[in-house]
Amino acid sequence: MNISKKMQDAFNTQITAELYSSNLYLQMAFWFRKEGWKGFANWMFHHSDEEKQHGLEMANFVLDRGGEAVVDAINKPEANFTDPKQVFELTLAHEQHVTELINRLADVAEQEHDRASINFVDKFIDEQVEEEKTVRDILNLFRHRDGHTVATIDDIVGTEQAD
Ligand code: FEO
């Protein structure tokens, strides 16, 4: 069964959101590099790549189902940040927003009775749980600052990313 137009359009909207996320994290990585936070920058570069990968996976799925994948205009991401903790707070808020978008994509798949899309989107629902948890863990390191300097957190986050 070919993908429906409604499902295809919903995926294309999400592809744009994933590419926006990729650019947002790339901008954050550039800011961290500029400020001399190498570990945080590595984490952001890696996550930027992951977001692009999400967009590509969705595009391949749409194409495999006989649909059309579209690269749309992508808004300029936020570029002014104040400190590392604030960047990760923005990251968590952004991932929570993405979770809502993925849930809406799942709603469309259910409305369309599209079993293949329901199955495909399910793994992104799991992915969002993991991504929110990862960022929350980093914010907890900031909350327990008495035990860590920001430089230690930069080291921990950068090293974890290398694993
Ligand atoms: Fe592709 Fe961070 O969600």
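Two residues count as touching here if their C-beta atoms, placed from the backbone, lie within 7 Å. This is a predicted model, so local features need pLDDT of at least 70 and side-chain atom pairs pLDDT 80 or more, while totals for chains, interfaces and linings use all residues. Residues are numbered from 1 along each chain as its sequence is written.

**View 1. Around Phe 32.** Leaving aside residues up to four places away in sequence, Phe 32 touches Trp 37, Phe 40, Ala 41 and Met 44.

**View 2. The largest nonpolar core.** This core (buried Ala, Val, Leu, Ile, Met, Phe, Trp, Tyr and Cys joined through C-beta atoms within 7 Å; buried means 20 or more other C-beta atoms within 10 Å) has 34 residues, and Met 28, Phe 32, Phe 40 and Met 44 have the most contacts inside it. Two or more residues each come from α1 (5–35), α2 (38–64), α3 (84–111), α4 (115–143) and α5 (150–162), helices being DSSP runs of H or I, at least four residues, numbered from the N terminus. The biggest share is from α1, with 11 residues.

**View 3. α1 against α2.** The axes (lines fitted to C-alpha atoms over the stretch in contact) come within 8 Å and cross at roughly 165 degrees. That makes α1 and α2 roughly antiparallel, a label for angles over 145 degrees. Their contact has 15 nonpolar, 8 polar and 4 charged residues, with Asp, Glu, Lys and Arg as charged, Ala, Val, Leu, Ile, Met, Phe, Trp, Tyr, Cys and Pro as nonpolar, and the others as polar.

**View 4. α3 against α4.** Here the axes come within 9 Å and cross at roughly 165 degrees, so α3 and α4 are roughly antiparallel too. This contact has 15 nonpolar, 5 polar and 7 charged residues.

Definitions and conventions
Buried ≥ 20, exposed ≤ 12 C-beta atoms within 10 Å, placed from the backbone. Axes fitted to C-alpha atoms, helices over the stretch in contact; angles between N-to-C directions. Parallel < 35°, antiparallel > 145°, perpendicular 65-115°, else oblique.
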